[in-house]
Amino acid sequence: MIGLNWYLAASAILYSIGLYCLATKRNLIKMIIGVEILLNAAHLNFIALSTTTAGLDPLARTYVIVSIGVGAGVIALALSLTLLVYRHYRTLDVRKMRRLKW
Amino acid sequence: MLPLAPWLCWGIPVIGAILTPLLAKINHKVRDYGAVLFSIVGFIFGLSMVPDIFAGQVVDWFTDKVLGSIPYESKVVWISKLGIEMGVLVDPLSVFMANIAGGLGALIMVYALGYMHGDPDLTRYWFFKNFFIGGMVLLVISNNFLQMFIGWEIVGLCSYALIGFWHKKKEPSPVPDYKTEGEYNAMCGMKAFITTRVGDVALLIAILTIYASTLRTGNPTFNFLELREQVEWVRLLVANGLLIPTIILLFGGPVGKSAQFPLHVWLPEAMAGPTTVSALIHAATMVKAGVYLVARVLPIFVEVFEATNLTNALCTFSLVVACIGAFTAFLAATMGMVAREVKKVLAYSTISQIGYMMLALGIGGLTGYVAGEIAEGYYAGTFHLMSHAVFKALLFLSAGAILHATETKDMFEMGGLKQYMPITYKCMFIGALSLAGIPPFSGFWSKESIFDAAWVLAEEAYQHGYAIIGATGYILLFIAVITAAMTLFYSIRLIAIIFIWPESEYIKERKRRGEHIHEAPPVMWVPLAVLAAVSVIGGLLAPAFQVFMLKGWERVDVHASFEILVKTVTSPTIFMTLGALALGGIPAYYFYWSRKIDPEEFLEKHGFFRAVHSFFYNRWYINDFYMKVIVGGFIKLSNAVYKFFEQAIIDRFNYALAWVVRSFSQAFRKTHTGDLNYNMIAAMLGIIAILLLLLFG
Amino acid sequence: MGLEFVVEVALIAFLIMFALLAVELKKLAYAVASLGLMSTVLSIIFYILYAPYVAVINLLVYAGAVIVLFLAVLSLMKPGEEEGKGKMYDIIAEIPGGVLFIIIAVILVQILTTSYIGIQFAYGKTLNLPSLIPPQMQSMLQNVAESTWRVRVIDVLIQAMALFVAGLGVAVLFRRERREKE
């Protein structure tokens with residue numbers, strides 16, 4: 001089994017990929033994909049850290065399971081909002097949705 | 001005395017004042033008679049304390065229990081560590097002043113029923129009048145400085161409100177600076193308030209300094225009796241060099257309130273108020289508050305200064321009081337000789353007579369300094385206070401009747417009123433003779449006692465080796481006698497022009513228009529008659545008065561006898577008085593009474609007298625000086641401060657502050673792009689920052 | 001030893017590759033598919049990390065329900081592709097995002113490694129110090145090491161703040177200019 005550091009590094013890279021996607025992409029669906037990648041990175045982090053040589057930490061696993069469920073709910077909500085937004089704006093470009101800016 | 005008399009004689013008028021608006025809602029008659037009733041009841045309570053002074057101890061009439069001996073204090077302690085309490089003192093001086101205030105107040109309220117009849121603002125009038133009576137009695141019957149100062153301020157407020165009572169009048173104003181007479185009245189009220197304020201500030205500083213000194217020596221108090229017994233506060237003040245300034249500042253209050261030089265300029269303008277207000281406040285009561293204060297502190301000073309060997313301070317204080325009093329008496333009498341309006345003559349006369357009272361009290365203090373006994377001057381001053389209150393109120397009320405009948409203020413527009421208003425003529429004549437000091441009226445006895453006190457001072461001073469004070473005594477006596485001459489002059493002038501001269505054009509015009517001049521209604525001339533009677537027999541009350549005032553003064557041999565009257569008549573000053581009366585009376589007779597010499601022609605012929613006349617007429621240019629230099633200078637200063645400080649610095653600072661914030665927010669707005677990606681970046685960076693803080697903070 | 005190592009590293013590599021593909025692909029359907037593949041690989045990783053329940057749930061939810069949701073939504077909307085592809089200014093606009101990505105990656109790696117060390121300390125494990133140091137000084141050295149890595153955090157903090165400001169400024173500048181051009 002490779003050391004913990006590899007998984008932590010992988011999680012970090014995944015996290016930054018998700019951030020990069022959120023920070024850069026203009027399409028709303030792409031941004032939701034970015035959010036999902038973020039969530040996955042966090043889960044990987046949890047699980048990696050809970051697997052130590054001294055034993056398995058059940059609490060972290062439990063949290064991850066709950067978080068997966070919650071994350072799915074968040075994505076479902078985001079997608080339905082995307083649908084409504086598309087109906088209103090006729091486009092998915094985030095930069096065009098600036099009606100709330102003063 | 002009736003139970004709780006010292007508290008109720010000021011409490012009932014105050015309660016009456018507060019209830020007046022409620023009574024006004026019922027009926028006009030109820031309001032009027034109710035207000036007068038409250039003041040009469042207050043006076044009855046005040047009267048009930050008089051027998052106790054004669055007996056020397058306070059006895060409750062309802063329970064026949066002896067409550068204490070004179071001086072009797074009844075107090076409620078509020079903060080005992082700071083010495084703040086609320087209390088009343090039953091003592092000859094306070095009972096005497098309370099009765100004057102209450103009695104004259106009640107009488108003038110009855111008169112006002114007739115004088116102010118039909119005025120639409122009467123509710124406000126009754127409120128302030130009753131409140132004033134309550135405040136004045138509170139002032140004189142308090143047992144400590146703080147409460148007295150509260151009463152002081154109350155009377156100042158009511159005086160301001162009542163002078164400017166007719167502030168809504170729309171007729172053109174008598175001076176060109178203001179548009180309507182209403183504005184002019186309001187200005188007069190404000191002038192009175194602000195000028196007395198200067199004195200009040202001085203008084204407050206003095207009171208607080210004395211209090212601070214008592215605080216420092218460990219026994220904080222405002223109480224008069226306690227200040228008299230403890231002497232450490234005097235030592236502390238002297239050690240800091242503050243004693244003389246404090247007692248001079250203490251005298252500043254009376255200078256303001258009693259219209260002495262240099263704060264005398266407000267009293268002539270205060271005549272813009274209704275005549276009843278002038279009678280009560282500016283002749284009989286409020287202006288006497290200063291005299292009361294000096295009379296109150298003089299025994300305190302005598303005792304504590306003797307105990308601490310600081311009699312020089314007593315000498316300084318009394319000298320200041322006496323000199324200011326004498327100078328004011330002279331100053332005001334000269335102004336009164338040339339005034340044109342009835343009430344202005346009476347106002348100047350008031351200032352002059354109060355100068356006499358201050359002179360008497362100062363002489364008393366000086367006698368105390370040289371010979372250790374202040375009784376003569378003290379008694380003379382307070383006796384003159386009483387008789388002046390009576391005859392000045394009489395004069396003002398008669399003037400009110402005349403003003404009511406003829407509706408003009410200028411004396412030269414009246415004339416020949418003797419046949420139309422006989423009762424008023426007789427009463428006013430008695431008042432004028434009493435003012436001038438003609439025997440056997442009360443004014444003569446009181447003025448004589450003042451001259452007598454001055455003479456005694458001079459003699460005692462030379463006897464004990466104080467030559468300068470003796471000389472000062474003679475000079476003061478001389479000034480007082482000259483002023484008596486002038487007093488007789490303007491009194492005769494007043495009576496003659498109003499009653500004896502032939503009718504003026506104005507009166508004839510009124511008669512042609514059908515507005516006849518009639519005598520005052522009974523509700524107005526009955527108080528006049530009462531006051532005239534007291535003026536006549538007042539002199540004979542002198543023995544009883546001496547017993548009353550000097551009760552409990554161990555060093556004076558006091559017994560009720562007519563020796564006092566005899567002594568007054570046979571002292572050497574009687575010749576001076578008669579000489580002065582002749583000096584003043586003979587020219588006045590020729591000018592005004594028998595009209596052998598016409599005053600106008602006389603002025604035109606003699607340029608010197610014309611110059612003097614114009615100098616006096618312009619009030620020695622003191623009023624103009626104050627307005628131009630002090631008031632004008634202050635207004636210029638405020639304008640300059642506004643321009644150079646407020647606008648340049650403070651406003652600019654505010655604008656700069658607003659500009660900084662606004663520009664910062666404009667710049668910061670650029671970060672709100674409304675772009676979702678950008679928000680994401682910011683959110684993530686924020687989370688990282690929080691993470692860092694949580695992990696390592 | 002060797003095989004396990006290779007498998008795990010390969011799995012991690014696939015993970016990252018699929019994630020990158022999910023981000024970069026222009027056709028949205030392909031991107032979603034790539035996302036699904038990434039979730040599957042992640043499930044396998046979970047399984048290898050002795051977390052079977054988590055693996056199964058991840059598979060069910062992410063590689064199943066969520067993908068289906070995505071595809072349903074995509075089919076309800078007309079543009080199945082990202083707009084504005086391949087134009088010059090888009091690529092230039094990607095630069096600040098890319099820079100930011102690198103910066104954030106660096107910071108995160110730093111943070112996580114140091115937190116790993118911190119967690120090791122928290123669990124009571126000691127550092128492997130060279131044995132040349134006499135035993136009396138070992139605890140003191142440990143304290144020194146502990147405090148020095150705490151101090152390094154301030155360094156990281158300041159770096160982070162400076163980079164935060166720079167990143168914000170750059171992003172704002174670029175965004176503003178681009179909008180002017182439109």
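Q: A crossing is left-handed if the near helix is turned anticlockwise from the far one by less than a right angle, and right-handed if clockwise; with which hand does α18(B) pass α24(B)?
A: This is a predicted model, in which local features need pLDDT of at least 70 and side-chain atom pairs count only at pLDDT 80 or more, while totals for chains, interfaces and linings use all residues, and side-chain values use heavy atoms, leaving out hydrogens and water. Residues are numbered from 1 along each chain as its sequence is written, and chains are lettered from A and ligands numbered from 1 in the order in which they are written. Helix α18 covers residues 442–464 of chain B and helix α24 covers residues 573–593 of chain B, and their crossing is right-handed.

Q: How are α18(B) and α24(B) oriented to each other?
A: Their axes (lines fitted to C-alpha atoms over the stretch in contact, with angles of 0 to 180 degrees between N-to-C directions) lie 9 Å apart, at an angle of about 125°. Angles under 35 degrees count as roughly parallel, over 145 as roughly antiparallel, 65 to 115 as roughly perpendicular and the rest as oblique. The two helices, α18(B) and α24(B), are therefore oblique.

Q: Which residues of α24(B) are met by α18(B)?
A: Contact means heavy atoms within 4.5 Å. From α18(B), the residues B:Phe444, B:Glu448, B:Phe451, B:Asp452 and B:Trp455 take part, and in α24(B) they meet B:Thr573, B:Ile574, B:Met576 and B:Thr577.

Q: How does α7(B) run relative to α10(B)?
A: In chain B, the axes of helix α7 (residues 181–216) and helix α10 (residues 243–257) come within 7 Å and cross at roughly 150°. That angle makes the pair roughly antiparallel.

Q: What is the hand of the crossing of α7(B) and α10(B)?
A: Among the residues that meet here are B:Gly199, B:Ala202 and B:Ala206 in α7(B), together with B:Gly252, B:Gly253 and B:Gly256 in α10(B). The crossing of these two helices is left-handed.

Q: In what order do the elements of chain A run?
A: Chain A has three helices and two strands, where helices (H or I, at least four residues) and strands (E, at least two) are DSSP runs, numbered from the N terminus. From the N terminus on, the order is α-α-β-β-α.

Q: Is A:Leu44 buried or exposed?
A: A:Leu44 belongs to helix α2 (residues 28–49) of chain A, and, beyond its neighbours within four places in sequence, its contacts include A:Tyr7, A:Ala10, C:Leu42 and C:Phe46. Buried means under 20% relative accessible area, exposed over 50% and partly exposed in between, with a 1.4 Å probe and protein chains only. Because its relative accessible area is 0%, A:Leu44 is buried.

Note on methods:
A crossing is left-handed if the near helix is turned anticlockwise from the far one by less than a right angle, and right-handed if clockwise.
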